[in-house]
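Please look over the chain shown here with a view to its helix packing, its domains and its ligand surroundings. The briefing that follows takes these topics in turn.

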Amino acid sequence: MKDHDVLVIGGGPAGSSAAAILAERGRDVLLLERQPFPRYSIGESLIPHCWFPLNRLGLVEKLDASDFIVHKHSVQFINTEGTRSTPFYFFEHYDHPSSRTWQVVRSEFDQLLLDNACAKGVEARLGWAARDLLREDGTVAGVVASDPDGKEHELRARVTIDASGRDAFAQTTNRWRVMDEHLKKFAIWTYYKGAKRDPGVDEGATTIAYVPEKGWFWYLPLADDVVSVGVVADKDYLFRDTRDLQEVFDREVAVQPWIESHLAPGEQIRPCQVTSEFTYRSKHCASDGLVLAGDAFSFLDPVFSSGVFLALHSGVMAGDAVEAALAEGDVSAARFADYGAKVCEAIEAMRRLVHAFYDVAFSFGDFLKVHPEMRKEVTDCLIGDLHKDFDPLFEAVGEFAAIPGPLPHGKPLERA
Ligand SMILES: Cc1cc2nc3c(=O)[nH]c(=O)nc-3n(C[C@H](O)[C@H](O)[C@H](O)COP(=O)(O)OP(=O)(O)OC[C@H]3O[C@@H](n4cnc5c(N)ncnc54)[C@H](O)[C@@H]3O)c2cc1C
């Protein structure tokens, strides 16, 4: 007899959405979150197709009415000389409520998602960390977890969903991680208050501003007159003459005229932070009694702001897959094969676009001049409409850019 139907590790977008979907179906769900909430997270810019999982969770109206969002209608690219290309307005490409998306303060956004899960009946234990997987007859049967006082407990469930983010608890424990050797970037970022915002419909735009050597800045206008700004590039490029984060950040700001002029009227309000953004995927999306979702399954370089979408989307899909498995009374790995294939399909389209972005021989402008018929496919990728056949797009992109073969396709781990 198990203590719970489902145990979820992690209260980020992936964990909270999977938990909410299952609680809605009357499942007894326990969610463990290591940190107290609300907690800081990077990853503030959403893409249009976030609307669909958020709508399924019943959160679109609440999000629109909240005070921690800025509406985002577009993405714009700035070249190394500081010149802006025509913004890419989502509403010019399709007519649907999702064509207006959001910049969010993640501490508040993630709290909203977790509160929503709890309102549907999820029991969330904050300050509880999963430490080890429990196995019974080769099937994952829950976790060993420590409580806020450090005491360890065995917690049993029919299915465990790992949504522990880039800690990737199960992937690390099982040594399933496969790195993308070509996407190993570093990011340094900070926050400004009072920095310049573009007027009107551009006020909430995500700006991607190029720095030499295929690095880039993000510039995201958040609520309360705050801007999130960060630079992403290869480690050797960023740290070529100093390891001081502030010095590196200031040096790069000084060579990107658009970023420099937009930050000029503002005041930096937090120290610089750094992270490696190594792209990876798990060899397996599931084993008997265990399913992986969000960054715990795969992390992708954030240039196209796909992370929260993939977390919400895979969280909802994991919730549905686990519900179906519980209903059938079969939680073996094979039950989750379709789930894994679907998540990989979504990630793979984005991953190939990210590779094109970083290829020095590739530019979207030049590509679309030669292949104007591909505009819709590029748009679909950028907005997160990912369950389509993108092979023709990437065959055409392949004329300009080298795109390495796919990472493993997250197959379920069948029992030997
Ligand atoms: C520099 C950078 C910029 C980014 N920018 C964007 C962006 O603009 N837009 C975007 O969409 N995405 C962006 N991302 C990606 C985005 O942050 C992630 O993809 C997203 O947060 C993934 O959600 P998740 O629920 O999978 O994981 P998380 O949000 O990381 O949540 C996982 C949770 O699990 C908890 N946890 C971990 N281990 C345990 C454990 N053992 N026991 C219990 N709890 C545990 C953690 O405390 C955490 O709260 C960016 C990422 C980086 C690194």
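Predicted model: local features only at pLDDT ≥ 70, side-chain atom pairs only at ≥ 80, totals over all residues.

**Helix packing around α9**

α9 and helix α10 (residues 337-358) pack with their axes 10 Å apart and at an angle of about 165 degrees. Since angles over 145 degrees count as roughly antiparallel, that makes α9 roughly antiparallel to α10.

*α9 with α10*

- The crossing of α9 and α10 is right-handed.
- On the α9 side the contact is made by Leu310, His313, Ser314, Met317, Ala318 and Ala321, which meet Tyr339, Lys342, Val343, Ala346 and Ile347 in α10.
- Sorted by class, the residues in this contact of α9 with α10 are 8 nonpolar, 2 polar and 1 charged.

*α9 with α1*

- α1 and α9 have their axes 7 Å apart, and the angle at which these two helices pack is about 30 degrees.
- Because angles under 35 degrees count as roughly parallel, this makes α1 roughly parallel to α9.
- The crossing of α1 and α9 is right-handed.
- From α1 the contact takes Pro13, Ala14, Gly15, Ser17, Ala18, Ile21 and Leu22, while the residues from α9 include Val308, Ala311, Leu312, Ser314, Gly315 and Val316.
- Further along α9, the residues that take part in this contact with α1 include Ala318, Gly319, Asp320, Val322 and Glu323.
- By class, the contact of α1 with α9 holds 11 nonpolar, 5 polar and 2 charged residues.

*Surroundings of the ligand*

- The ligand is surrounded by 38 residues, of which the closest are Gly12, Gly43, Gly165, Gly294 and Gly307.
- Two or more residues of this shell come from each of the elements α1 (13-24), β2 (29-33), β8 (129-136), β16 (273-282) and α9 (307-328).
- Of the elements, α9 gives the most to the shell around the ligand, with 4 residues.
- By class, the shell around the ligand is made up of 16 nonpolar, 15 polar and 7 charged residues.
- Domain 1 and domain 2 each supply at least three residues to the shell around the ligand.

- The protein is divided into domain 1, which is made up of the segments 4-73, 103-178 and 281-347, and domain 2, which covers 182-277.
- The C-alpha centres of domain 1 and domain 2 lie 29 Å apart, and the contact takes 16 residues from domain 1 and 15 residues from domain 2.
- On the side of domain 1 that touches domain 2, strand β3 (residues 69-72) gives the most, with 4 residues.
- The residues on that side of domain 1 divide into 7 nonpolar, 5 polar and 4 charged.

*Backbone features in loops*

- Phenylalanine 37 and proline 38 are joined by a cis peptide bond, with omega about -5 degrees, and proline 38 is placed in the loop between β2 and α2 (51-56).
- Arginine 175 has a phi near 55 degrees, which is a positive value in a residue other than glycine.
- The place of arginine 175 is in the loop between α5 (169-174) and β11 (177-193).

Notes:
Residues numbered from 1 in each chain as written. Near = placed C-beta within 6 Å. Nonpolar A, V, L, I, M, F, W, Y, C, P; charged D, E, K, R; others polar. Domains from an automatic or database assignment. Axes fitted to C-alpha atoms, helices over the stretch in contact; angles between N-to-C directions. Parallel < 35°, antiparallel > 145°, perpendicular 65-115°, else oblique. Left-handed = near helix turned anticlockwise from the far one by under 90°. Contact = placed C-beta atoms within 7 Å.
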